[in-house]
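This report goes through selected local features of one protein model. Please read it alongside the sequence and the coordinates.

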Amino acid sequence: MSIPAQPTKPGEGRALPAPTGEHPGPEEGLALPEPEGAGTPSPVGRLAATVDRLRREVMAAQAEADGRALVELAKGILVERLGCGPSEAAQQLTVLAGQSGLSPLEFAVDVINQAAKDRVSEVTQAFLAAVGESEDPAEQSAAVRLRAAESGALAAAHDTQAVADSLLQHALGPLGAVAVAIWTAGSDGSLTLAGSAGFPPGEADRWRYVPPDVATVARSALTEGATQWIESLARTGLPTIGRHLHPDGGRAAVPAGSAGRVDGILEIAWPAPLDRQPPQVVRQVEALADLCAHTLQTYAQVRGPDREPLVLPDALELMDLTDGLHDPALVLVPHVDTAGKLVDFRIQHVNDRFLDPAGRPRAVVNGALLLEAYPMAAGGGDLFQRIERVHATGEPFRARRMSLTALVGEVPLAAVADLSISRHGSCVLLIWRIEDETARLASLLQNAQRLGRIGGFEEDLLTGETTWNGQLFTLYGRPESSPPVPLEDLAAHTHPDDTVVVGRLLRTLLHRRRPASAAFRLQRPDGVTRHMRIVAEPVLDTDERLVAVRGAYQDISAQHWTEVALAATRDQLAQSEQHASERSRLALQLQHAIMPPTRAPLEAPGLQVAVRYRPAEEEQLVGGDWYDAVVLPSGLVMLCVGDVAGHGIEAATSMVVLRNALRGLAVTGAGPGQLLSWLNIVAHHLTGSITATAVCGLYDPARHTLRWARAGHLPPVLVRDAEAAPLPLLKGMLLGVVPETVYEEEEVQLAADDTLLMYTDGLIERRDRSVEESLAQLLVQARTVTPTLDKQLDRLLTYSRSDTDDDTCIVGIRLR
């Protein structure tokens, strides 16, 4: 029987068109135009014509071969259905095609669709139902195109390049596409170009391999696990193959795979921006991706990323591998429903090392579905989603101390495990190591041996449980029946002189979450004092949260010190402690002499004044904060606070110079703005170019007004009727920055029972918050009005949340 290569209906008698676009194929590149005015064809022209004729003949032969394969497949279906021979089936096919008004090729595709009932038939039936009785050959030949593409893909299953050519020629070219790329996904998240059509050879070579974690159009579909339609490449920043050829063109990237596993990506390129595609076209494209899945699976079995032979282990080989592991392991195989959709994983095998979190025997777990054996795997730690993603993408997953949850009846059981999930062929290998008491003690022993210590410990900060080994009880001189000493109680067993060192160790471990070590003297219950060194490190979970602390103690008194060396060290330590104590005492005396913490009440008509000074915690550092409150000869009351930059003797002496200079300048009767201008000259020229901040105010008892100015300092706070607010911020530069400057001043009318607070930044400054947030907290505390002004200042110091270890000055005034 002669199989026609062309349909008999009008408009369908042509061979399927070749891909169109801006970049011709190699054959088209040989077609050179003839010289104008030539009477007879030149040798080059004749050669070009010959090449063009041969190209058309090859395309026609290819289309005829594709059509013959589909017709022969339909004849086979009729032989099976009618119980006749091949010759009778061919005659019957011709007769039925004539009666239906279709070409033998179209009728053969209808027979295949009715017999197959697969994804291609569903797509073509929906498409033809949507277009109705359209006479457009491009629409009416959808089934022929898809079946022709399928035939080409199956015929060249081992040649992805041929599959790409077939898809572009038969199915995607008529949809307006100009190029297609077939990517295979590697287990490490990389993408390898398995085949392409429509792209120049140099472009395909340049994009042969895309490393993991490189964002491209194809990777977006791999990451999302769904088809990605890109209207225009110009509107996205994603690179991809051939982007410079059609920078404004549209793209589609479709995952290709089966049973929930993504084997690769089908990427399609259009030369112009892509409009929103109708559902029938979307389904056609997804059907073509399904055709690629078979090719990609075959490609992966015979080729690796470097086109070298690659043999993937099957389930039996993987089971043999897990039996040789020292860790508990499960071999999982995908479990799909009747539609081929992944719904679960079956536990194909568990090795001898496997420990069920619920204590069930291996025979109960082996062969069960994962979600039936562990229903909470889909919730606790997203275990099922991790396995599903590894199976889909091939990218392995590793995690330490991941929280798992198994459900036995109605009793939940929580566990912590180290996880390893990897894909091997079509199987998934899951290794989890459940932590128990034995494992923790073994880990403690290994850490102690690694650190070279005698006694090991671990504290679980989530449960509050502390674990010691036997050597550590001996080290502490305590019976093993007694409870271990947690780290927070370590100071109670430490020599009083070493409590600061222990406190610094705990802050480093628990707050900064960094490894730390310290040497201290341990005082045992039997009265023996041992020199110890502790080395510890924090344990963080996958979310970087602190969950435990582990480490070891070492007795360095017996190993590194002789009795003479210990005595000499104690003498040196005692001498150092004495010197440090003397330095601290002298520094504290100097601070109190310059700036006493409190002072006698200031006698001023109708005004109550109180001051407070709190030195820094580091007593050897003399601060530069200062305050002053004095009644001037004019009857005005001068109130001021300031802060000299830096610490030490230089800052303290500069502070004294500024405070005494301001007192002397105030006698002139000048306003606060002028006083700060003169004080700026003093700071710049007479104190070694120091910088400082200050607030200066002059209170008039007769008018109940306050004129004030500021030099880079925080404004005073006014408390009135249980409400607190800072005074409006005035312009004023730091003292000592420039030789001369002008300071703005303002007058505030005060009322009875008003309280005004002047302070330095040591009262509110925090490392983890802005000045605005700290000032808001101060305003909340200042709203509480106490019976006396002294109690109010003491309360502000008590509830201060400052953590910068800086000096603090407060001056408060309250109208009677």
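Buried means under 20% relative accessible area, exposed over 50%, and partly exposed in between, with a 1.4 Å probe and protein chains only. Helices (H or I, at least four residues) and strands (E, at least two) are DSSP runs, numbered from the N terminus. The model is predicted, and local features need pLDDT of at least 70, side-chain atom pairs count only at pLDDT 80 or more, and totals for chains, interfaces and linings use all residues. Residues are numbered from 1 along each chain as its sequence is written, and side-chain values use heavy atoms, with hydrogens and water left out.

In strand β2 (residues 191–197), 7 of the 7 residues are buried, so the strand is largely enclosed by the rest of the structure. Two strands pair if DSSP finds at least two bridges between them. Strand β1 (residues 179–185) pairs with β2 in the antiparallel sense over 6 bridges; within this pairing, alanine 181 has serine 196 of β2 as its bridge partner. β2 is also joined to β3 by 2 bridges, and these two strands run antiparallel. Here threonine 192 stands opposite tyrosine 209 in β3.

The loop between β3 (209–210) and α9 (217–224) contains threonine 216. This threonine 216 counts as buried, at 4% relative accessibility. Contact means heavy atoms within 4.5 Å. With neighbours within four places in sequence left aside, threonine 216 is in contact with Leu191, Trp207, Val210, Leu238 and Pro239.

**The five-stranded sheet**

An open sheet is formed by 5 strands in the order β13-β12-β16-β15-β14, with antiparallel pairing. The edges are taken by β13 (465–468) and β14 (516–523), each with a single partner strand, so one side of each is left without a neighbour in the sheet. On average, neighbouring strands of this sheet are turned by 25° against each other, direction ignored. Strand β12 (residues 455–460) and strand β16 (residues 546–555) run antiparallel and are joined by 6 bridges. One of the residue pairs is glycine 456 with its bridge partner alanine 552 in β16.

Helix α17 (residues 499–510) lies across β14, β15 (529–540) and β16, and runs at about 145° to β14. Axes are lines fitted to C-alpha atoms, for helices over the stretch in contact, and angles run from 0 to 180 degrees between N-to-C directions.

**Helix α23**

The buried residues of helix α23 (residues 789–798) are Leu789, Gln792, Leu793, Leu796 and Leu797. Down the axis of α23 they fall within an arc of 140°, so they line one face of the helix. The arc is that of the directions from the helix axis to the C-beta atoms. On the face turned away from the buried side, α23 carries the exposed residues Lys791 and Thr798. The packing partners of the buried residues of α23 are β17 (607–614), β25 (755–759), α22 (771–782) and β26 (808–815).

**Salt bridges**

A salt bridge is a side-chain nitrogen of Lys or Arg within 4 Å of a carboxyl oxygen of Asp or Glu. The structure holds 16 salt bridges, including those in the table.

| glutamate 537 | arginine 550 | 3.2 Å |

Glutamate 537 is partly exposed at a relative accessible area of 23%, and arginine 550 is partly exposed at 22%.

Aspartate 790 is partly exposed, with a relative accessible area of 32%, whereas arginine 612 counts as buried at 10% relative accessibility. Salt bridges that share partners also join Asp541, Asp543 and Arg545 into one network.

**Cysteines**

A disulfide is a pair of cysteine sulfur atoms within 2.5 Å, and the structure holds 0 disulfides. The closest cysteine sulfur to that of cysteine 696 belongs to cysteine 640 and is 5.6 Å away, too far for a bond. Cysteine 696 counts as buried at 0% relative accessibility. Cysteine 427 is also buried, with a relative accessible area of 2%.
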